[in-house]
Amino acid sequence: MTSAHAYSFQRPPDGAWGVKRQDGTWTGMVGMVSRKEADLGLGPFALTAVRAGAIDYSLDILIDYARVVAGRGRPEVNPWGFLLPFSLELWAAILSALVVVLAIVNVMAMFMTSDYRVIYSFRSVTFHYIQVILQQGQCLTSVPHISSPQGPF
């Protein structure tokens with residue numbers, strides 16, 4: 001049995017699928033179908049509302065989920081990346097507050113009784129303060145403690 005239908009394949013002159021121009025006309029294969037230069041357009045057309053206003057779509061023949069694949073690249077490690085969450089002004093305020101608190105703690109250590117002054121010298125207080133800031137402090141049970149009926153002050 002032979003078919004009496006004749007058909008030909010024709011590519012659009014601009015090689016495009018079809019884009020709507022400023023003047024309302026269409027380019028590419030969508031333009032050929034909308035101008036009746038072709039009865040049917042075959043290709044992976046995206047179903048859009050703008051195109052649906054110019055041409056009629058058939059039922060889906062194939063649904064393809066395309067992906068764009070690219071290399072991961074090399075991770076760049078910034079050694080100062082921990083500073084990025086805060087602005088320069090905030091880091092300056094934090095550093096200033098730390099220096100002020102250190103000064104206050106050392107002044108308080110100067111007014112302690114002589115027993116406590118031996119343990120809490122300027123060097124010792126500063127060192128322990130830096131350990132706390134760097135999260136390297138000792139366990140509270142290992143900190144020396146002197147029992148005095150008067151307390152530290």
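Begin by selecting Glu37 and Arg35, which form a salt bridge whose closest N and O atoms are 2.8 Å apart; a salt bridge here is a side-chain nitrogen of Lys or Arg within 4 Å of a carboxyl oxygen of Asp or Glu. The structure holds one salt bridge. Glu37 is partly exposed at 46% relative accessibility, and Arg35 is partly exposed at 43%, where buried means under 20% relative accessible area, exposed over 50%, and partly exposed in between (1.4 Å probe, protein chains only).

This is a predicted model, in which local features need pLDDT of at least 70 and side-chain atom pairs count only at pLDDT 80 or more, while totals for chains, interfaces and linings use all residues. Residues are numbered from 1 along each chain as its sequence is written, and side-chain values use heavy atoms, with hydrogens and water left out.

Next, colour the protein by pLDDT, the predictor's confidence in each residue, from 0 to 100. The protein averages 79, and 81% of the residues score at least 70. Confidence is highest in helix α1 (residues 28–34), at a mean of 90, and lowest in helix α4 (residues 114–119), at 62; helices are DSSP runs (H or I, at least four residues), numbered from the N terminus.

Now select residues 88–110, which make up helix α3, and look within α3 for Leu102, Asn106 and Ala109, which are buried.

Finally, go to Leu40, in the loop between α1 and α2 (49–52), which is exposed with a relative accessible area of 64%.

Methods. Helix = DSSP H or I, 4+ residues; strand = E, 2+ residues; numbered from the N terminus. Expected span 1.5 Å × (residues − 1).
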